[in-house]
Amino acid sequence: MRHRALPEALFALAVLCGACALTGCHAPARSGAGNVAQGEKAALSPAEAGRNPTFLGRGACTGRGRPAYEEVDCASEQAAASVLARYYGPQAGGPRCPEATDFVLHITAVNTGTSESESAPEGYACMRNLRPPHPGDPGRGGGPLTVAGDCVYTERRGVVKETACEGAQGPAPEFRVEETVAAREDCPPETDLYVQVGGGAPVGCARRLP
């Protein structure tokens, strides 16, 4: 018989620290809230749309810029992050980012009103910092996804939030996600908490920490 630390919430939702956004690129919405991964916005000008329809394609790099992120040469001093994956369309319902993703850039759609080649669709880029820190790494307590090795704490009934497993200020971790599987039945018998993480293996099997 499985031991369940939270019998009233056997399947908890994991949310990010910071913006209280759902983890996973296409986890179901909760309590009427939309599924929005934590990320920044990148603006694509009409000129850039016509010149480079694959703005921030896979393997491209960007610097840190506000209000927009600009594509830069990966060998330049300004390069700060690279694109692990690039998808078109809204992130809600779209493909899940790779587990190594540190943050997500939401690409603004551009419609010049002239031709398709001079416009660009909405999309998002899954980004990895070129240098530490890497908040998306297991146990670091950040990033847009919850992955095996991450720790969570109970924010409220039925909802858990990611936190650093050790060495950082903030809420103390209560559970560690040991693995991710396709269904709750695939978790090991000693699982204490099921965490909804999205993706191809949408269930995280978590154990209570001592």
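Reader: Which hand does the link of cysteine 151 and cysteine 165 have, right or left?

Author: This is a predicted model, and in it a disulfide joins cysteine 151 to cysteine 165, S to S 2.1 Å. The angle about the S-S bond is 105 degrees, and the link is right-handed.

Reader: Which parts of the chain does the pair of cysteine 151 and cysteine 165 tie together, and how many residues apart are they?

Author: Cysteine 151 is in strand β8, while cysteine 165 belongs to the loop between β9 and β10. Cysteine 151 is buried at 0% relative accessibility, and cysteine 165 is buried at 16%. The pair therefore ties together a strand and a loop, and the separation in sequence is 14 residues.

Reader: What is the bridge partner of cysteine 151 in β10?

Author: Strands β8 and β10 pair in the antiparallel sense over 2 bridges. In β10, the residue that partners cysteine 151 is arginine 176.

Reader: Which residue takes a positive phi in the hairpin of β8 and β9?

Author: Strand β8 (residues 151–156) pairs with strand β9 (residues 159–163) in the antiparallel sense, over 5 bridges. Arginine 156 stands opposite valine 159 in β9. The hairpin has 2 residues between the strands, and the one with a positive phi near 80 degrees is glycine 158.

Reader: With which residue does arginine 156 form a salt bridge?

Author: Side chains of opposite charge can pair when their charged atoms come close. Arginine 156 is partly exposed at 40% relative accessibility. Its closest N and O atoms in the salt bridge are 2.9 Å apart, and the partner is glutamate 155.

Reader: Is aspartate 102 buried or exposed?

Author: The side chain of aspartate 102 meets that of arginine 128 in a salt bridge of 3.7 Å, N to O. Aspartate 102 sits in the loop between β5 (81–88) and β6 (103–107), and arginine 128 in strand β7 (residues 123–129), 26 residues apart. Arginine 128 has a relative accessible area of 18% and is buried. Aspartate 102 has a relative accessible area of 4%, and because the cut-off is under 20%, aspartate 102 counts as buried.

Reader: Is cysteine 61 buried or exposed?

Author: Cysteine 61 forms a disulfide with cysteine 74, the sulfur atoms being 2.0 Å apart. Cysteine 74 is partly exposed at 37% relative accessibility. The value for cysteine 61 is 3%, which counts as buried.

Technical notes. Residues are numbered from 1 along each chain as its sequence is written. This is a predicted model: local features need pLDDT of at least 70, side-chain atom pairs count only at pLDDT 80 or more; totals for chains, interfaces and linings use all residues. Side-chain values use heavy atoms; hydrogens and water are left out. A salt bridge is a side-chain nitrogen of Lys or Arg within 4 Å of a carboxyl oxygen of Asp or Glu. Helices (H or I, at least four residues) and strands (E, at least two) are DSSP runs, numbered from the N terminus. Buried means under 20% relative accessible area, exposed over 50%, partly exposed in between (1.4 Å probe, protein chains only). Two strands pair if DSSP finds at least two bridges between them. A disulfide is a pair of cysteine sulfur atoms within 2.5 Å.
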